[in-house]
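Please read the following walk through the model with the structure open beside the text. The account begins at the surface and then turns to the packing and the chain as a whole.

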Amino acid sequence: MDNFPKVLCGWSWEENKLFELALAVVDEQRPDRWEAVAAMVGGQKSEEDVQNHYDILLEDLQFIESGKLDHKLGEECWTDEDNKLLVRLDIN
């Protein structure tokens with residue numbers, strides 16, 4: 001979890017959403033899975049980037065499920081742009 005803020009800041013909100021969608025539609029058994037996921041994220045991330053991001057996601061999920069989540073994680077890289085994207089999402 002020491003890399004959490006660094007990893008979070010290296011990915012935009014939109015890239016994370018595209019990443020999540022790509023994971024949902026690209027078969028885990030597909031031989032070129034990480035290449036396909038990287039392409040769906042928009043081409044700015046390498047196969048290695050998306051695979052590392054996935055590994056960190058798994059670590060995060062295990063940490064959350066452990067009940068030890070610090071709600072202040074990632075605060076230092078939340079930007080005004082992130083806030084604007086959240087407002088644009090309009091989930092009401």
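**A surface patch and its surroundings**

In this predicted model, a nonpolar patch on the surface is formed by Leu 58, Leu 61 and Ile 64, which together have about 240 Å² of accessible area. One of these residues, Leu 61, lies in helix α4, which spans residues 47-65. Leu 61 counts as partly exposed because its relative accessibility is 39%, and the partly exposed class runs between the 20% limit for buried and the 50% limit for exposed.

Helix α4 also packs against helix α3 (residues 33-41), at an angle of about 95° and with the two axes 8 Å apart. The angle therefore makes α3 roughly perpendicular to α4. On the α3 side the contact is made by Arg 33, Trp 34, Glu 35, Val 37, Ala 38 and Val 41, while α4 contributes Glu 47, Val 50, Gln 51 and Tyr 54.

With a relative accessible area of 28%, Ser 12 is partly exposed. Although Ser 12 and Glu 81 are separated by 69 residues in sequence, their C-alpha atoms are 9.5 Å apart in space.

For the protein chain as a whole, the secondary structure comprises 5 helices and 0 strands, and the elements follow the order α-α-α-α-α from the N terminus. The chain has 92 residues, of which 27% count as buried. Of the contacts between residues at least 6 apart in sequence, 50% join residues at least 24 apart. The protein chain exposes about 6900 Å², with carbon and sulfur atoms supplying 49% of that area.

Definitions and conventions
Residues are numbered from 1 along each chain as its sequence is written. This is a predicted model: local features need pLDDT of at least 70, side-chain atom pairs count only at pLDDT 80 or more; totals for chains, interfaces and linings use all residues. Side-chain values use heavy atoms; hydrogens and water are left out. Patches are made of residues with over 30% relative accessible area and no salt bridge: like charges are joined within 9 Å, nonpolar side chains (Val, Leu, Ile, Met, Phe, Trp, Tyr) within 5 Å. Accessible areas come from the Shrake-Rupley method with a 1.4 Å probe; for residues, only the protein chains shown count as cover. A salt bridge is a side-chain nitrogen of Lys or Arg within 4 Å of a carboxyl oxygen of Asp or Glu. Helices (H or I, at least four residues) and strands (E, at least two) are DSSP runs, numbered from the N terminus. Buried means under 20% relative accessible area, exposed over 50%, partly exposed in between (1.4 Å probe, protein chains only). Axes are lines fitted to C-alpha atoms, for helices over the stretch in contact, and angles run from 0 to 180 degrees between N-to-C directions. Angles under 35 degrees count as roughly parallel, over 145 as roughly antiparallel, 65 to 115 as roughly perpendicular and the rest as oblique. Contact means heavy atoms within 4.5 Å.
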